[in-house]
Amino acid sequence: MSSLLLPIMASGADSVTPAGAAPRSDGKSLVAFFSRSGNTRVIAGQVSRALPADLFEIVPATPYPADYFETVEQARQERDRGDRPPLKAQLPSTAPYATVFLGFPIWGETAPPVIRTFLTLHDLADKAIIPFITHGGFGLGNSQAVLASHAPQARLMEGFSMQAPQERQTIERVTQWLDTLKVK
């Protein structure tokens, strides 16, 4: 499967600073990420090692179900209700960081509810937020608007987006294959 690499652009050009405008260099960088299947985790690790930057995994207090389709349904319900599920841990302070690389997959055409929680719990005023997003082929949805509305005092920078292998597609293809074997 080929990957689709896209720079992230928001619908409102004034809300995103172009990639060429470097974030402030007078503070440390943080890579904060949420990953269910591991695609976003791989990118987070690569960014953290390359910069170098501190790494923080955004983990919900109650894990999402192991079953992909149950997770999709739970995430849809959380999105529709506007939930902000509690996190297992949060950063003690964002003060040391000038730049936050924020990674997450697109769920239901938006940022996962735990990203809204992360943004709400942490003071990101005057910090550069550089998103890196994985998606299953449907694009960024309204994720840029979520970032802008939940961290209004931050400087949202142009980020990175990549189409990653779809968990749903994998599950469906393996199930179809197993069905042809007629093995119990």
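Q: Let's start with Val174: buried, partly exposed or exposed?
A: Val174 counts as partly exposed, because its relative accessibility is 38% (buried means under 20% relative accessible area, exposed over 50%, partly exposed in between, with a 1.4 Å probe and protein chains only). Before we go on, this is a predicted model, where local features need pLDDT of at least 70, side-chain atom pairs count only at pLDDT 80 or more, and totals for chains, interfaces and linings use all residues. Residues are numbered from 1 along each chain as its sequence is written, and side-chain values use heavy atoms, leaving out hydrogens and water.

Q: Thanks! Where does Val174 lie?
A: Val174 is part of helix 5, residues 167-181 (helices are DSSP runs of H or I with at least four residues, strands are runs of E with at least two, and both are numbered from the N terminus).

Q: New topic: how much space lies in the largest pocket?
A: About 700 Å³. On a 1 Å grid over the protein atoms alone, a pocket is an open set of points where a 1.4 Å probe fits, with protein on both sides within 12 Å along at least five of seven lines; lining residues have an atom within 4 Å of a point. The volume is the space filled by probe spheres set on the points, which are joined across faces, edges and corners.

Q: And which residues lie nearest its centre?
A: Those are Tyr68, Ile106, Trp107, Gly108 and Gly136, out of 30 residues that line the largest pocket.

Q: Which element gives the most to that lining?
A: Helix 2, with 6 residues. Val72 lies in helix 2, which spans residues 68-81.

Q: How far is Val72 from Trp107 in space?
A: They are 7.6 Å apart, C-alpha to C-alpha, and 35 residues apart in sequence. Val72 is partly exposed, because its relative accessible area is 31%.

Q: What about phi of Glu109?
A: Phi there is near 65°, a positive value in a residue other than glycine. Most residues other than glycine have a negative phi, and most peptide bonds are trans.

Q: Last one: where is Glu109 found?
A: Glu109 is in the loop between strand 4 (97-105) and helix 3 (113-121). It counts as exposed, because its relative accessibility is 58%.
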